Amino acid sequence: MIAYTIYLPQVKGLLKKWSMDLQVFVPTMVDDGFYEFKSWSDDIEISWDYDLCYTSLKKFVLPAQEDLISFDMKKYSAGAVIEAPKQLLFGVHPYDIKAMNQLDQLMDTDSVDVNYRARRDNTVVFGLERVHVADTAFWSGVEADRVDHGYDLYWTRISPGAFFVQVGSARGEEMLTMDGPVEKASVAQKEAARRSHLKVMAKAQKNTLNFDWSKTPDLVNKFFNNRTFWREKAKTCLSCGSCNLVCPTCYCFDIKEEADDLLQNGRRYRQWDGCMLSGFAEIAGGHNFRSSPWERYRHRYMRKGKYIFDKLGELGCVGCGRCVRACTARIANPRKIYNEIWEAIKNEV
Amino acid sequence: MKSKFSPYVPRPATLVAKKELNEFVTLFEFAQDSGKPLAHRPGQFIQVSVYGVGEAPFSVSSPPRTDHHHFEIAVRKIGSVTNALHALEVGNKIGIRGPYGSYFPMQKFVGQDFLFVAGGLGYIPIRSVLHYMLRHRDEFGRIILLVGTRNPGERIFTDQLAEISKRNDLEVFETVDVADDTWKGNVGVITTLFPKISINPETTSVATIGPPIMYRFVIQECSKLGIPQDRIYVSLERHMKCGLGKCGHCQINGINCCLDGPVFCYTEIAGLGEAL
């Protein structure tokens with residue numbers, strides 16, 4: 001493992017350098033206790049100890065709205081639109097890196113999503129060790145507490161003025177040293193980073209799954225036909241889709257288009273959609289394959305708990321806790337749902 | 001930035017003929033501008049674009065052709081894209097992507113008897129399989145076709161059905177749910193045709209396509225006849241938006257109807273709570 005030690009005053013210089021080549025996004029407080037990734041500028045205060053960004057980072061690789069093609073209605077021709085700005089996400093927590101790794105696999109499977117791939121290739125990810133744990137998070141229970149790939153650099157703050165920076169890619173190392181040579185990390189500094197990780201892990205034990213996460217697919221599958229349970233859980237669901245929107249692993253989209261005023265040219269774009277919205281599984285003629293909120297609610301937990309697992313071998317939930325915060329009816333909580341199912345049938349699995 | 005390749009870019013095709021099948025359903029014959037055959041297999045679907053309006057998935061209704069770049073879809077006027085299609089005139093263009101999805105495994109049916117059960121617009125994709133078999137008639141055993149429609153006014157491909165009904169190598173049975181004065185045939189849902197047929201369950205395979213409500217009843221009738229589940233094929237309708245297994249709209253439990261379907265052997269979906 002190659003690692004360096006970077007001191008806080010160096011960071012500003014590097015940020016200036018990096019921002020000349022790509023757009024840099026950093027976590028910052030946007031409201032009392034609310035954090036978001038914002039475009040870096042000299043006067044922005046970076047929240048090194050943020051607990052959770054309200055929205056997920058998928059927007060950087062799968063924007064809420066993204067053009068796919070442009071078309072000419074007179075000539076009836078169309079061409080691909082693939083936009084991929086160079087960007088750096090500086091300060092990404094491991095659960096969000098895991099979510100992005102998952103999107104990478106899902107978007108590359110069967111056929112490569114060229115729009116996603118282009119954006120992802122132009123996105124540099126600098127991970128950041130957490131200091132605080134969001135009260136809704138349970139990433140320690142779903143194996144999203146650490147990642148071994150998906151970042152170019154991984155930063156751990158080991159003292160108020162210093163970071164232990166682990167190299168994840170040649171691109172990352174190059175960026176770190178572009179302002180001149182940097183100090184190789186010592187064994188003691190590596191140990192300090194390890195202790196920092198253990199410290200946050202200890203905090204994270206408060207909220208977790210009561211069972212080994214790998215049992216989740218089996219659990220939810222056995223509970224699929226328990227309509228009483230799903231109906232009860234979803235009875236106040238407003239089908240607003242907030243959980244979908246903030247989820248770092250939800251990537252469903254709709255495809256729409258618009259033409260210009262002269263009906264000559266137009267654009268076709270995709271736009272985030274959500275399986276919790278009422279019309280999501282509707283077909284021509286109005287038949288809806290998941291017409292009730294409880295069916296859509298169940299689908300979401302099945303997807304996170306089983307369907308993604310069947311494809312990738314890991315849970316589709318990274319335990320970030322965003323849906324718990326965003327849910328308008330206060331009923332989205334994968335940790336509670338999966339724990340309840342576990343308590344109900346733990347003797348059967 | 002314009003790029004070389006994206007699976008979202010449609011290819012142009014031109015409308016060469018248009019035929020009204022009933023008040024709401026029209027058959028469209030398109031020619032690919034590339035001059036190349038569509039190269040679909042029976043049961044597959046394509047994404048059809050009317051620029052400025054949108055894109056929607058349709059089953060190809062014509063059988064595959066290697067010698068010709070024409071293909072047909074039959075469309076019910078029901079939403080924005082389908083209405084825009086109905087407004088097209090011969091010579092107008094559309095965009096297409098695909099063909100996508102699974103298809104009927106024709107090789108498996110060689111030498112077999114075959115039972116088609118088509119409800120309503122389900123006849124449109126069935127037609128692709130049926131006419132493939134009729135073109136290669138000597139490769140298959142008995143072919144029995146059951147067609148059900150809500151009422152006589154909604155029947156489609158009536159001329160073609162009348163034509164093929166005359167063949168002595170094809171057994172055609174038709175019914176309507178609700179009759180009117182013009183209707184002299186069977187009245188009742190499609191399962192009322194089952195008592196009229198006799199098949200050898202050892203050698204018969206089934207393809208059934210129809211409205212969502214129909215499947216479980218037809219499968220039940222097939223089981224009563226002794227046809228094993230692994231010889232019952234269905235094609236399921238979902239709204240595929242991307243056709244590439246990404247957008248999530250066509251998901252049935254954990255599978256994507258656009259990639260794993262739309263054609264399924266019943267055994268593939270028997271355990272899926274959201275399939276039928």
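**Note on a predicted two-chain model**

1. The model is a predicted one. Helix 7 of chain A covers residues 227-234, and its buried residues are W230(A), K233(A) and A234(A). Viewed along the axis of helix 7 of chain A, these buried residues fall within an arc of 85°, so they line one face of the helix. An α-helix has 3.6 residues a turn, so residues three or four places apart point the same way. The face turned away from the buried side of helix 7 of chain A carries the exposed residues T228(A) and E232(A).

2. The next point concerns the contact between the chains. Chain A contributes 37 residues to this contact and chain B contributes 35 residues. On the side of chain A that touches chain B, at least two residues are supplied by each of strand 4 (65-72), strand 5 (77-81), strand 11 (253-259) and helix 9 (293-312) of chain A. Strand 11 of chain A gives the most to that side, with 5 residues. Sorted by class, the side of chain A that touches chain B comprises 23 nonpolar, 6 polar and 8 charged residues.

3. Chain B contains 6 helices and 16 strands. The radius of gyration of chain B is 18 Å, close to the 19 Å given by the globule rule for 276 residues, so chain B is as compact as a globular protein of that length. The C-alpha trace of chain B spans about 60 × 45 × 35 Å along its principal axes. Of the 276 residues in chain B, 49% are buried. Among the contacts in chain B with a separation of 6 or more, 70% are between residues 24 or more positions apart.

4. For chain B, the domain assignment gives domain 1 (11-100) and domain 2 (106-235). The C-alpha centres of domain 1 of chain B and domain 2 of chain B are 24 Å apart. Their contact takes 14 residues from domain 1 of chain B and 16 residues from domain 2 of chain B. The side of domain 1 of chain B that touches domain 2 of chain B is made up of 7 nonpolar, 5 polar and 2 charged residues.

5. The largest nonpolar core has 176 residues. Those with the most contacts inside this core are F25(A), L89(A), F126(A), W139(A), V142(A), F116(B) and L146(B). Helix 3 (residues 123-135) of chain B provides the largest share of the core, 7 residues. One of the residues with the most contacts in the core, W139(A), may be followed individually. With its neighbours within four places in sequence left aside, W139(A) is in contact with Y95(A), A144(A), D145(A), A204(A), V318(A), G319(A) and C320(A).

6. A further residue, I2(A), lies in the segment before strand 1 (3-7) of chain A. Apart from its neighbours within four places in sequence, I2(A) is in contact with V167(A) and E173(A). The C-alpha atoms of I2(A) and K184(A) are separated by 8.1 Å, although these residues are 182 residues apart along the chain.

How values were computed
Residues are numbered from 1 along each chain as its sequence is written. Chains are lettered from A and ligands numbered from 1 in the order in which they are written. This is a predicted model: local features need pLDDT of at least 70, side-chain atom pairs count only at pLDDT 80 or more; totals for chains, interfaces and linings use all residues. Two residues are in contact if their C-beta atoms, placed from the backbone, lie within 7 Å. Helices (H or I, at least four residues) and strands (E, at least two) are DSSP runs, numbered from the N terminus. Ala, Val, Leu, Ile, Met, Phe, Trp, Tyr, Cys and Pro count as nonpolar, Asp, Glu, Lys and Arg as charged, and the others, Gly among them, as polar. The radius of gyration is taken over C-alpha atoms; the globule rule is 2.2 Å times the number of residues to the power 0.38. A residue is buried if 20 or more other C-beta atoms lie within 10 Å of its own, exposed if 12 or fewer, and partly exposed in between; C-beta atoms are placed from the backbone. Domain bounds come from an automatic or database domain assignment. The arc is that of the directions from the helix axis to the C-beta atoms. A nonpolar core is a set of buried Ala, Val, Leu, Ile, Met, Phe, Trp, Tyr and Cys residues joined through C-beta atoms within 7 Å.
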